[in-house]
Every structure is written in structure tokens, then in C-alpha cells.
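Please open the structure in a viewer and keep the selection panel at hand. The stops below are to be taken in order.

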Amino acid sequence: MRRIVKDFSGTRALDGVDFEVRKGEVHALIGENGAGKSTLMNVLAGRFDDYQGQIVFDGNQIRIASPRQARDIGIAIIYQELTVLNNLSVAENIMLGDEKIRRWTRKLDRAFIKQEARSIIDYLGFDLNPDKPVERLSTAQQCLVEIAGAIRRNVKLLVFDEPTAPLGSEDVQKLFQVIRDLKAKGLGIVYISHRLAELPSVADRVTVLRDGRKVGTKPMDACPISEMSRMMLGHVLSEIFPPKENQPGKCILKVKGLSRKAKFEDISFELREGEVLGIAGLLGAGRTEIARALFGADKAAGTVEFQGKPMSSLSPGVCSIRGIGMVPEDRKRQGTITARPVGENLNISILGRLSGFLGFQSPRRLNRQADLMIGRMRIDPPDPRVLIQNLSGGNQQKVIVGRWLAAQPKVLIFDEPTRGIDIGTKSQIYKLIIKLAKEGRAIILISSELIELAKLADRILIIRNGRLVSEMQAPLDDVDLLFDACAAKEESV
Amino acid sequence: MTGASEKSTVRTRGGLSFQKLLQASVLVLLVTLCIFASVRTPTFFTWTNLVDNLFTNAAALGVIALGMTFVMIAGGFDLSVASITAVCSVVLVLTMDRFSSYGPMVAIPTALFLTVLVGIGLGAINGILIAHIGVNPFVVTLTTMLIFRGIALILTGGGQAKQVADLALRHQFSWVYDAGIPLFGQAYQVSIPIVIFLAVFVVGVYLLNFTRFGHYVFALGGNEEAAWLAGVNTKQIKTLTYVLCGSTCAIAAVIFVAMTATVQAESHQGKELVVIASVIIGGTPLGGGSGSLVATLTGVMLLRVIDNLLTQFNVGTEYRKVVTGLIILVAVVIGVLAKRRNLR
């Protein structure tokens with residue numbers, strides 16, 4: 001790709017970017033949110049027909065004007081938000097669009113679909129059951145289904161757009177093995193990620209974008225993480241993690257025998273004021289479910305004592321009034337109130353407090369409150385009237401966090417707070433977590449990025465198969481220790 | 001997420017302005033049609049035609065459309081409004097008749113009170129089934145549409161036309177429709193239905209745009225699960241939108257009964273689509289999340305003016321149905337395109 005330029009209604013998203021991928025190479029593409037990574041890949045995927053610049057693919061100069069054309073010449077993108085069809089089986093998903101119809105009966109040839117899918121799965125060495133409905137698979141397995149579907153279409157260039165964002169550490173290792181295998185088969189691979197630490201183990205070269213321009217391309221060995229983040233941010237980010245200055249105080253939340261059928265069992269722990277309590281575990285271990293139950297989003301058996309008094313009925317409404325907040329896992333589905341402006345998204349949890357006579361909501365007061373939070377969270381653009389879906393992922397997350405910050409909760413649960421956001425915002429959220437704990441608020445932090453737990457938490461609960469198996473003191477330096485604790489005995493399942 | 005976020009810094013408010021454009025175009029169409037009508041028929045732009053034929057006749061359905069706007073912004077749907085209105089009308093007439101011996105000062109307030117109560121109750125049935133039990137609003141209100149209609153038939157003993165036997169009382173009640181409030185002297189009067197509509201409109205705008213309830217209604221339509229996780233009692237708010245819609249049906253019933261003096265259990269059939277059409281044409285998308293009462297008002301007026309024009313050109317009912325259907329279809333298609341553009 002040479003000198004690619006793409007404008008969005010007057011603003012330049014890509015400004016003369018050169019990019020090159022060789023056969024049998026894994027090329028990492030990094031940059032902060034809004035740097036132009038996805039836009040560049042969308043040009044490649046044929047999503048736009050109004051880009052400028054040249055694309056040379058397999059020796060031929062071409063213009064990719066439609067997604068169909070991109071697919072036909074052998075370019076496939078695996079998006080972070082997977083596009084598998086939940087109601088179909090693994091085999092049907094893999095073979096979608098290539099079904100064979102029996103000649104005379106016009107019947108769908110299920111045996112053929114299954115057989116073909118099986119051969120692709122075997123070729124790739126995946127551990128997948130072709131008959132299983134996709135909705136019953138884990139996110140990691142769904143990702144494999146999507147890869148298999150792309151391979152079936154004879155791709156030459158495979159783009160991964162943040163594939164590891166929703167995955168646990170073990171699944172990430174598996175995925176990397178898959179990528180290395182694909183590379184050995186001669187595919188060109190573009191790998192977009194926010195997790196810089198994982199890049200050296202999978203990528204050969206790395207290209208950094210910033211503000212729609214290319215900062216540089218370097219061989220992976222010659223580019224340590226510090227160098228990458230410097231290139232991304234334009235300045236040295238010596239400390240991503242803030243110093244731990246919080247001091248745990250007295251107990252604020254006491255959980256006893258919390259259980260939910262088939263999800264988790266007999267979870268008991270205490271949370272103290274000013275403490276950051278980490279919850280670690282593999283994907284599907286029950287971390288999110290425990291958090292949801294604590295917040296009253298799911299019904300569960302057991303008792304929760306808040307400030308010495310048992311909570312009789314748990315619901316998100318009750319929790320938010322009492323002073324328990326949760327930044328949910330899935331920003332788009334559970335966090336942002338789509339089609340509504342940033343201001344409303346920020347104020348939604350505190351409207352009760354802002355109400356005047358007859359429930360009157362003064363627009364001026366709402367705007368002032370929103371402006372206050374926009375300033376505190378450094379949300380960009382700083383305008384409460386912008387629709388939330390027009391913000392970058394990192395800024396959307398700041399809005400969700402800001403929403404709870406405004407409510408001044410005594411306990412705040414963060415479920416994967418840094419998923420899919422840029423390193424600058426991540427660092428900002430880390431600092432905020434420590435600051436909140438320093439103010440005496442209790443934090444529960446759930447994360448697949450074990451380094452976050454190791455650096456930020458005071459204690460870490462290890463959840464395995466819905467059970468609380470052990471507790472580790474933090475901060476830790478050795479992340480592998482934590483990883484081993486999470487993954488141990490997983491094979492016995 | 002990144003796919004959308006890359007563009008974010010760029011398209012800050014492009015989507016919103018497109019929607020505004022849409023609403024403006026409805027307004028332009030409305031004005032154009034009005035000018036066209038006044039050129040064709042000189043009587044169009046007279047006070048009597050505007051007030052009596054257009055606004056007063058649009059008032060009852062307009063009131064329901066206001067209630068429906070709440071339901072639809074919250075992402076819901078109500079097909080049972082015409083049936084609720086029918087039940088309310090029947091209850092209004094029957095209770096007035098029953099209490100007529102106590103004199104109008106007892107009969108009318110009692111009847112009004114009961115009517116509104118019934119409207120609220122029927123709306124609550126819809127709301128509870130939809131919000132608390134979680135049945136699809138289309139299914140719920142399609143079935144309650146039948147059930148409520150049946151109740152109206154049962155109450156009138158199988159669908160006979162009913163009216164208040166007491167002639168004096170009947171006349172007193174039609175005051176709601178007949179009386180005019182002089183605005184600029186006797187020549188320029190405003191009818192009570194218009195006043196009722198404006199009152200409901202003002203209350204509605206206050207509720208929707210300046211209260212916590214209104215903010216929650218928008219939030220519900222934007223993303224119900226997120227609103228719930230943000231601490232909003234979504235079930236309660238959702239139920240309330242249907243209750244509100246039911247009570248606007250009761251208010252509309254009062255206007256209808258005053259207008260016709262008699263009531264038939266089978267009246268207003270098919271009007272639910274006209275109501276939903278006015279809301280959609282106004283710019284509230286199916287699925288909710290945005291919309292406004294002012295927009296609904298323009299939608300109501302546009303349909304009313306078109307209807308008025310079709311009458312003047314003596315277009316038959318069969319063609320009218322086709323025309324109304326086409327208008328709704330075009331509005332929905334444009335709405336879907338606008339939403340896609342907005343969210344892309």
C-alpha cells in the first residue's frame with residue numbers, strides 16, 4: 001500500500017501511509033485509538049471506494065472497491081467483534097456461502113458441509129466440534145471458527161484486528177500457535193493489537209501509526225516495548241502503572257457463600273475500604289458472573305453485607321443508590337447508551353441527585369455537571385452534546401467510568417476496564433483506580449491482563465471453574481506465578 | 001469497536017444533523033402541502049377550516065400520538081391504543097348514563113375519573129406484560145388489541161351504539177367539543193379539544209425533556225441493558241410509558257365522545273396505525289432512542305393535511321388506505337436509512 005489517503009467528511013484519517021506485508025510474515029500494526037489502524041485495514045477490506053493511493057497485491061496493482069472484491073482476491077479480516085452466526089453450528093459457520101445443494105432433491109448437503117468443515121479444522125489442527133452450536137462456544141473458540149472460515153476461502157492475506165482483546169492468557173498462547181502455523185503455510189498476516197507485550201512472541205516486524213501518519217516500521221527484535229510506546233505516544237511513557245499509594249482500611253463489603261447455579265459456588269470474601277481487590281481467572285471461570293451477582297445484575301444465593309448491614313434485595317438500582325457501582329465488561333452492549341449524547345450518558349446514574357422541584361432537570365445544571373466530568377476524565381471531544389457512538393473506544397470507556405465517578409460510589413467494580421483501549425487511556429484508568437482507593441473507596445478489579453492485577457491490586461482472588469481456590473498478596477512482580485495459579489489443573493475439566 | 005472509533009474524531013455530529021434534516025423536510029412538505037391546498041381551495045386557509053377541520057379533528061389522535069411517542073422513544077410499540085380508546089369511550093358513556101340521575105356535577109366528574117382510571121389500568125396491563133414478564137411488545141399489544149376490543153363489545157351488549165339517555169347531560173358534555181374559547185374576538189375561537197391537546201403537549205414536553213423520567217425514557221430506547229446497569233429501574237420506566245399511553249387514550253376518548261355523543265364498540269378500528277404513522281413520520285425511529293413531541297406534532301399535522309386534501313379531491317377510502325400505507329412505508333424506510341447512517 002502506498003501513500004494511502006482517506007478523508008472522513010473533511011478530516012483526514014489517513015495521510016499518505018505506506019504499508020507493506022510480505023508472504024510468510026506477521027506484521028504488527030499498532031497505534032493509539034484513532035491513529036488510523038482500522039481505517040487502513042478497512043481500505044484493504046474494500047470498505048471504502050473513495051480512498052487515494054495505490055495498492056499492489058500479489059504483484060498486480062489493483063483498486064479494492066468492495067468487500068466482495070477484497071474477499072475474492074484473498075484478503076480476510078478477523079474483527080475483534082466476531083461476526084459468527086450464533087444460531088448455526090460450527091460447520092455451518094465455516095462453510096457459510098459455500099453450501100452444496102444436492103442435485104435432484106435441492107436438499108442442503110449437510111454431510112458435505114460437515115465433512116468439508118472437519119477437513120479444514122483438521123488441517124488447521126483446531127480443537128473444535130463441527131456439530132456444536134456456535135453460541136455454546138467460548139469467545140476464543142468462536143475466533144477459531146472465524147479463522148477457519150477465512151482459511152476456507154483461500155486467503156493470502158489475513159488481518160487480525162485485536163484478536164486477543166477478549167481472550168484469557170491460555171487462549172492467547174493457542175492463538176499465537178495458530179498464527180505461527182498460518183505463517184509457516186505462507187500467508188501474509190497483519191496483526192493489530194493494543195497489547196504491546198505480546199507482540200515480540202508473534203510478530204516479525206512492527207509498523208506504528210500516529211494521527212493518520214506512519215511513524216515508522218522496524219523489525220520486532222530491534223524494537224522493545226518502551227520504544228513502541230514512545231513511537232505511539234510521541235513521548236516516553238516511563239511509568240504506565242502509577243505507584244501504589246492506597247492503604248486498605250476497615251471492612252466495607254462482606255460476601256458469604258455467594259452461589260449461582262452452574263456459574264460459581266460458595267464465594268466468600270471481604271473487601272476493605274481503600275483496597276484494590278483483584279479477581280483473576282481464565283475466561284469463563286466465573287469472574288464476570290460474580291461481579292454481576294454482587295451488583296445485583298444476576299440473581300444469586302448467599303449474603304452480601306455492605307457497611308455491616310446485609311443487603312436484602314440486590315439490583316443495579318439499589319446498588320447505585322447505596323454506593324456500589326460497576327463498569328461493565330462489554331462496553332458497547334452494557335455500557336454506552338447508544339444514540340444518546342455524552343452528557344446524558346455521564347449523568348444517567350445521578351439524575352436522582354440532580355432533580356429539582358417536580359423532578360425538574362435543569363438543562364444548564366446537567367450540562368455543567370457533564371462538563372465537570374468531561375474535564376475530570378479528559379474526554380475528547382470535550383462536548384456533552386456529541387453522540388456517544390462517535391467517540392473512540394477509549395473515550396467511551398472514560399464516559400462509562402465518569403458516569404460512576406459522578407455517583408461517588410463507596411465500592412466500584414471494574415470488569416475488564418481497559419479492554420480494547422489505547423495505552424494512554426489505560427494509564428489514566430490505572431491512575432484513577434489508585435486515586436479512588438487512596439480516597440478510601442474500595443475497588444474490585446477484574447482483568448484478563450494479569451499484569452494489571454499484579455501491579456494494581458492489594459490482594460488477588462483466584463477463581464477456577466466457579467470456585468475461589470486461592471488468594472495471593474499483591475503487588476506482584478512475577479506475572480507468570482499468577483498465570484500458573486489461574487490455569488492450574490485446567491486440564492482436568 | 002475500533003472500526004467505529006477510528007472515525008469518531010471525525011464524525012462528531014454528522015449523524016444528528018442528518019436526522020434534523022429529515023425532520024426539517026417533513027416540515028417543508030407540510031408547508032408545501034398547505035400552500036398547495038390554499039391555492040387549490042380558497043377555503044383552506046380560513047380560520048374555520050384550520051381550527052375546525054384540521055386541528056380539532058386531529059386533536060384526539062394527536063393526544064394518543066403524544067403518548068405513543070413516549071412508548072416508541074423507549075423502544076416499545078403499542079397496537080392496542082384504538083381498542084383502549086374504545087373501551088374508555090364505552091366506559092365514559094355508560095358511567096355517565098348510570099350516574100345521570102345525580103345531576104351533571106356528579107355524573108361527569110365520576111365518569112371522567114373512571115375513564116382515566118380504565119385507560120391507566122389497560123396501559124398498565126400492557127406495560128406489566130411487556131416490562132416485567134418480558135413478552136415482545138408487538139405480541140402483547142396485538143393480543144390486548146383483540147381482548148380490549150372484545151371487552152368494549154361485551155360492555156355495549158354486542159356492539160350496539162350507546163349514548164347517554166339524559167338529553168340535558170348529553171348536551172352538557174358535548175360542550176367539550178362545541179364550545180369555543182374566543183382568542184381574538186368571537187370570529188377567532190379555539191375549540192376545547194385543541195386546548196386539551198396543547199395542555200397534554202406542554203405536560204408531555206415537560207415530562208420528556210425536563211424530568212428524570214424523560215431522560216430514562218431516552219436511555220431505555222438507546223440501550224436498555226446499559227441503562228439498567230447504570231442503575232435505572234428500567235421495568236418501572238417501561239411500564240410507565242405504557243400507562244402514560246393508556247391515559248392519553250382515555251383523554252382522546254373524552255374528546256371523541258364529546259364529538260359524536262354516541263359511542264360504538266367498533267369505533268376507531270385501524271386508527272392505531274395512523275397514530276404510529278404520525279410518530280414515525282415525525283422522526284421517532286422504530287426501536288427508539290431518539291425523537292421528540294414537536295416532531296410528532298408535525299407528523300400528526302402532515303397526515304391530517306394529506307387526509308384533508310384527499311377529501312377535497314374526493315379520493316375513495318380504498319385509495320386512501322394505499323396512500324397512507326405508502327407514506328408510512330416511506331417514512332420507515334427513510335428512518336432506517338437515517339439510523340444506519342447515524343450508527344455506521
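**The two domains of chain A**

The centres of domain 1 and domain 2 of chain A, taken over C-alpha atoms, are separated by 31 Å. To see them, select residues 2–233 of chain A for domain 1 and 251–492 for domain 2; such bounds come from an automatic or database domain assignment. This is a predicted model, in which local features need pLDDT of at least 70 and side-chain atom pairs count only at pLDDT 80 or more, while totals for chains, interfaces and linings use all residues. Residues are numbered from 1 along each chain as its sequence is written, chains are lettered from A and ligands numbered from 1 in the order in which they are written.

**The nonpolar cores**

Select next Ile433(A), Ile443(A), Leu445(A) and Val87(B), the residues with the most contacts inside the largest nonpolar core, which has 176 residues. A nonpolar core is a set of buried Ala, Val, Leu, Ile, Met, Phe, Trp, Tyr and Cys residues joined through C-beta atoms within 7 Å. A residue is buried if 20 or more other C-beta atoms lie within 10 Å of its own, exposed if 12 or fewer, and partly exposed in between, with C-beta atoms placed from the backbone. Helix α11 of chain B (residues 234–260) contributes the most to this core, giving 16 residues. Helices (H or I, at least four residues) and strands (E, at least two) are DSSP runs, numbered from the N terminus.

Now centre on Ile433(A). Neighbours within four places in sequence aside, Ile433(A) is in contact with Val276(A), Phe414(A), Ile443(A), Leu445(A) and Leu456(A); contact requires C-beta atoms, placed from the backbone, within 7 Å. A second, separate core has 63 residues, including Ala76(A), Ile77(A), Leu158(A) and Leu209(A).

**Backbone details in chain A**

Move to the loop between α13 (363–377) and α14 (393–406) of chain A, where Pro381(A) lies. The peptide bond from Asp380(A) to Pro381(A) is cis, with omega near 0°. Arg378(A) is found in the loop between α13 and α14 as well, and has a positive phi, near 50°, without being a glycine. Most residues other than glycine have a negative phi, and most peptide bonds are trans.

Select Asn465(A) in the loop between β19 (459–464) and β20 (467–473) of chain A. Asn465(A), not a glycine, has a positive phi of about 50°. Asn465(A) counts as partly exposed, with 16 C-beta neighbours inside 10 Å.

**Chain B**

Finally, colour chain B by secondary structure: 14 helices and four strands are present. Buried residues make up 49% of its 344 residues.

Conventions
Contact = placed C-beta atoms within 7 Å.
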